[in-house]
Amino acid sequence: MTGVLGAVITAATTTVTTQHSWVDVGTFAVAAAIVLAGAIGVVAARNPVHSALMLVMTLFGIAVLFVLQRASFLAAVQVIVYAGAIVVLFLFVIMFLGVDREENIAAEPLRGQRPLAIGLVALGTTGLLLLGQVAHWTTGAPHVAGTDVGEPNVNLLGKSVYTTYLFPFEATAALLIIAVVGAVALARRPPVATNPVDEVDAVDDPAIGDTSGGTPDAAPVTDVPAVPHPSDADAHEEARP
Amino acid sequence: MTINPDWYLGLSVVLFAIGALGVLIRRNVLVMFMCVELMLNAANLTFVTFARTLHDIGGQVLVFFVLVVAAAEVVVGLGIVVAIFRRRANATADDLHLMKG
């Protein structure tokens, strides 16, 4: 897998460096078509599984565009992390929840939501594209954080991450730990006693009462909800005469 | 280097628009998450394009960080989705109004 990926990246990089304009343009056109088709598929698919697979298609297209712009390491990471981990996580959750069935996307619960959304997005897109025509995108000084040529992409990226961006890099480690802890806390079932009857039975068990060391009838029963257990009532009734 | 960067930027604008449209009109929470990923990828494409245009490695480093944040976001978001689905089956975004005043 890794060898195939490396071969693909090397081949694509060599095609970039051969400076054939039509190769670049053709690659861009095919990748852009794949990206847009996948994106439209994500939005328009009725089945969430189809949406996830279309998302994989879009992510691969983005990876090709990364290679085309000499960001080969990011292309590999894009394929491995996004298409390999995140989409698998999506598919796992879809299958786990059992929502992999067709959804009626023709129903429109909020009246006028879709025309409004389409209008807003079209307005924003037109504004951005017009801005791209009239504005100068790249007016900043080049080489702020280091050049991107002269060395292999991975070397440059590694140097930059471990020198200039060391603190954010460490902060991402903390972020990932927090995310893992949050996911565990969310996935854990709530620790409330769903069956208080079992607790009462456990407390009434004389063996457990002895191991707890205290008086078996007073101390452990304090945190039990005030629902009388039938066996308790029977025991008191029997003990009364 | 033969492709005009405007093409990449235009593509990422359209990709971002499609993602935003999906977040706005879809009701399935998982599909909305996927559309958020589309928007993140559009931003990543913009970063890489500017990194190439300005010959600056910082754009690619930023994409690296965006990838990490996207992974964390997906983990927490899908955990929330699983927690919601455990409480009620067949939840769409319209059903999640527990915090409505």
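Me: Which residues of H2(A) and H1(B) make the contact?

Reply: On H2(A), they include Phe28(A), Ala32(A), Val35(A), Leu36(A) and Ala39(A). On H1(B), Trp7(B), Leu11(B), Val14(B), Leu15(B) and Ile18(B) are among them. Two residues are in contact if their C-beta atoms, placed from the backbone, lie within 7 Å. By class, the contact of H2(A) with H1(B) has 14 nonpolar, two polar and no charged residues. Ala, Val, Leu, Ile, Met, Phe, Trp, Tyr, Cys and Pro count as nonpolar, Asp, Glu, Lys and Arg as charged, and the others, Gly among them, as polar.

Me: Before going on, what kind of model is this, and how is it numbered?

Reply: It is a predicted model: local features need pLDDT of at least 70, side-chain atom pairs count only at pLDDT 80 or more, and totals for chains, interfaces and linings use all residues. Residues are numbered from 1 along each chain as its sequence is written, with chains lettered from A and ligands numbered from 1 in the order in which they are written.

Me: What are the ipTM and pTM of the complex?

Reply: The predictor gives an ipTM of 0.91 and a pTM of 0.75.

Me: And what does chain B average in pLDDT?

Reply: Chain B averages 87, and 94% of its residues score at least 70. pLDDT is the predictor's confidence in each residue, from 0 to 100. In chain B, confidence is lowest in H3(B), residues 58-87, at a mean of 89, and highest in H2(B), residues 29-54, at 92.

Me: Back to the interface. How many residues does each chain put into the contact?

Reply: Chain A gives 72 residues and chain B gives 63. On the side of chain A that touches chain B, H2, H3, H4, H5, H6 and H7 each supply at least two residues. The largest share of that side, eleven residues, comes from H2(A). That side of chain A divides into 50 nonpolar, 17 polar and five charged residues.

Me: What about H7(A) and H3(B), at what angle do the axes cross?

Reply: The axes of H7(A) and H3(B) cross at roughly 10 degrees and come within 9 Å. H7(A) and H3(B) are therefore roughly parallel to each other. The residues of this contact include Leu175(A), Leu176(A) and Ala179(A) of H7(A), and Val68(B), Ala72(B) and Val75(B) of H3(B). The contact of H7(A) with H3(B) has 16 nonpolar, three polar and no charged residues.

Me: And within chain B, at what angle do H2(B) and H3(B) pack?

Reply: H2(B) and H3(B) pack at about 175 degrees, with their axes 9 Å apart. That makes H2(B) roughly antiparallel to H3(B). Phe33(B), Glu37(B) and Leu40(B) are among the H2(B) residues that meet H3(B). The contact of H2(B) with H3(B) divides into 15 nonpolar, five polar and one charged residues.

Me: What covers the buried residues of H3(B)?

Reply: The cover includes H4, H6 and H7 of chain A together with H2 of chain B. A residue is buried if 20 or more other C-beta atoms lie within 10 Å of its own, exposed if 12 or fewer, and partly exposed in between; C-beta atoms are placed from the backbone. Phe64(B), Leu67(B) and Val74(B) are among the buried residues of H3(B).

Me: Different topic. Where is Arg70(A), and is it buried or exposed?

Reply: Arg70(A) sits in the loop between H3 and H4 of chain A. It is buried, with 21 other C-beta atoms within 10 Å. Arg70(A) has a positive phi of about 60 degrees although it is not a glycine.

Me: And what is phi of His55(B)?

Reply: Phi of His55(B) is near 50 degrees, a positive value in a residue other than glycine. His55(B) is in the loop between H2 and H3 of chain B, and is partly exposed, with 15 other C-beta atoms within 10 Å.

Note on methods
Helices (H or I, at least four residues) and strands (E, at least two) are DSSP runs, numbered from the N terminus. Axes are lines fitted to C-alpha atoms, for helices over the stretch in contact, and angles run from 0 to 180 degrees between N-to-C directions. Angles under 35 degrees count as roughly parallel, over 145 as roughly antiparallel, 65 to 115 as roughly perpendicular and the rest as oblique.
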